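Here is a short report on one chain and its fold. Read it with the sequence and coordinates open.

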Amino acid sequence: MLVHPEFDKVALALGPIKIHWYGITYLLGFAGFYWLSTRRGRYPWLRFWTPERVSDVLFYGVIGVILGGRIGYTFFYNVDDTGHLIFLSDPLVIFRIWEGGMSFHGGLLGVLVAMQVYAIQNGLSFWTVTDFIAVTVPFGLLTGRIGNFINGELYGAPTTLPWGMVFPQLKDGVPRHPSMLYEAGLEGLAMLLILWWFGSKPRPRMAISGLFLILYGSFRFAVEFVRVPDAQLGYLYGSGWFTMGMQLCVPMLVLGAAFMFIGYRRNQD
């Protein structure tokens, strides 16, 4: 049986200024995205993506992640005890980032909007941008999930498996799935390796974006079976197993499969 180390969430305190590990993992994710993307830009068919253009698209992406992640959490997860959106009675809650709460699916939507804006301003196809960034985005997912582990949040359901982990902050002594590490390994490392391999050759437009959605949707859906749902939401529709995370992954799977099909179909015509 393993025990969560209960890391101090604050990495560095300088008087009233506190730098949290979670924020550092975000910065590492952005830095890793930039480094990996500039390496991908060396492929002959991706020479358009110079370090300067990667830097520009990263800037747009950061804005999309932060705004979309917060807005997504506010509308998907932040409900009161009666199941009503807190935002409806307290609109300012969306700005209280220090209270915590970011949603991957919201962040994804925010990034997609930001990439569309970037594409329009630079005379590019939306798919040219998303097919390029999709390969290296999982590095940010990897560091973000490590941040969740440091914070001891998004823990899993009870388990008797030998790697079950006790989270002292819960004060129940029950070994649980370290689901944030499962997600780091699947949504982060595994996705990065698969997409890097897939993107190492020219692919039809939409194919890489579609594979990203399929992989994330599949991995996240699977981990949701052993991850405790948000307390304020619980399991949906009285199912005892179906979560909000699963519900948000279903359209990702459908759209991902459609994008890959359309991409390869057009490539054959």
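## Helix 5 and its cap

A polar contact is a pair of N or O atoms within 3.5 Å; within protein, one must be able to donate a hydrogen and the other to accept it. Ser 125 provides a case at the N-terminal end of helix 5. The model is predicted.

Helix 5 spans residues 126-133 and is mostly covered. Six of its eight residues are buried. They are Trp 127, Val 129, Thr 130, Asp 131, Phe 132 and Ile 133. What covers these buried residues? The cover includes helix 1 (21-40), helix 2, helix 4 (104-121), helix 6 (137-151), helix 8 (207-224) and helix 9 (244-268).

Trp 127 belongs to helix 5. Leaving aside neighbours within four places in sequence, Trp 127 is in contact with Arg 205, Met 206, Ser 209 and Phe 259. Ile 208 is 81 residues from Trp 127 in sequence. In space, the C-alpha atoms of Trp 127 and Ile 208 are 9.2 Å apart.

Thr 143 sits in helix 6. Is Thr 143 buried or exposed? Its relative accessible area is 8%, so Thr 143 is buried; the cut-off for buried is under 20%. Thr 143 touches Thr 25, Leu 28 and Gly 29, not counting residues up to four places away in sequence.

## A salt-bridge network

How many salt bridges does a search of the whole structure find? The search finds seven. Side chains of opposite charge can pair when their charged atoms come close. For Arg 220 the relative accessible area is 3%.

Arg 220 also forms a salt bridge with Glu 224. Here the closest N and O atoms are 2.8 Å apart. Both residues lie in helix 8, four residues apart, which is about one turn of the helix. An α-helix has 3.6 residues a turn, so residues three or four places apart point the same way. Glu 224 is buried, with a relative accessible area of 5%. Glu 224 meets Arg 227 in a further salt bridge, at 3.8 Å from N to O. Arg 227 is buried as well, with a relative accessible area of 7%. Salt bridges that share partners join Arg 145, Glu 183, Glu 187, Arg 220, Glu 224 and Arg 227 into one network.

## A nonpolar surface patch

Which residues form a nonpolar patch on the surface? They are Phe 59, Ile 63, Leu 67, Ile 71 and Phe 75. Together they have about 480 Å² of accessible area.

Phe 59 is placed in helix 2, which covers residues 51-76. Phe 59 has a relative accessible area of 54% and is therefore exposed. The cut-off for exposed is over 50%.

## Strands

Strands of a sheet pair through backbone hydrogen bonds, either parallel or antiparallel. Strand 2 (residues 10-14) and strand 3 (residues 17-20) pair in the antiparallel sense, over four bridges. Ala 13 has Lys 18 of strand 3 as its bridge partner. The two strands form a hairpin with two residues between them. In the turn, Gly 15 has a positive phi of about 65°.

There is also an open sheet of three strands, in the order 1-4-5, with mixed pairing. Why is one side of strand 1 and of strand 5 left without a neighbour in the sheet? Strand 1 (2-3) and strand 5 (175-176) stand at the edges, each with a single partner strand, so one side of each has no neighbour there. Strand 4 (residues 165-166) pairs with strand 5 in the antiparallel sense, over two bridges. Met 165 has Arg 176 in strand 5 as its bridge partner.

Key
Residues numbered from 1 in each chain as written. Predicted model: local features only at pLDDT ≥ 70, side-chain atom pairs only at ≥ 80, totals over all residues. Heavy atoms only, no water. Pairing = 2+ DSSP bridges. Patch = residues over 30% accessible without salt bridge, like charges linked within 9 Å, V, L, I, M, F, W, Y side chains within 5 Å. Areas by Shrake-Rupley, 256 points an atom, 1.4 Å probe, with all protein chains shown as cover. Salt bridge = Lys/Arg side-chain N within 4 Å of Asp/Glu carboxyl O. Buried < 20%, exposed > 50% of the residue type's maximum accessible area, 1.4 Å probe, protein only. Contact = heavy atoms within 4.5 Å. Polar contact = N/O pair within 3.5 Å; in protein donor to acceptor, adjacent residues only side chain to side chain.
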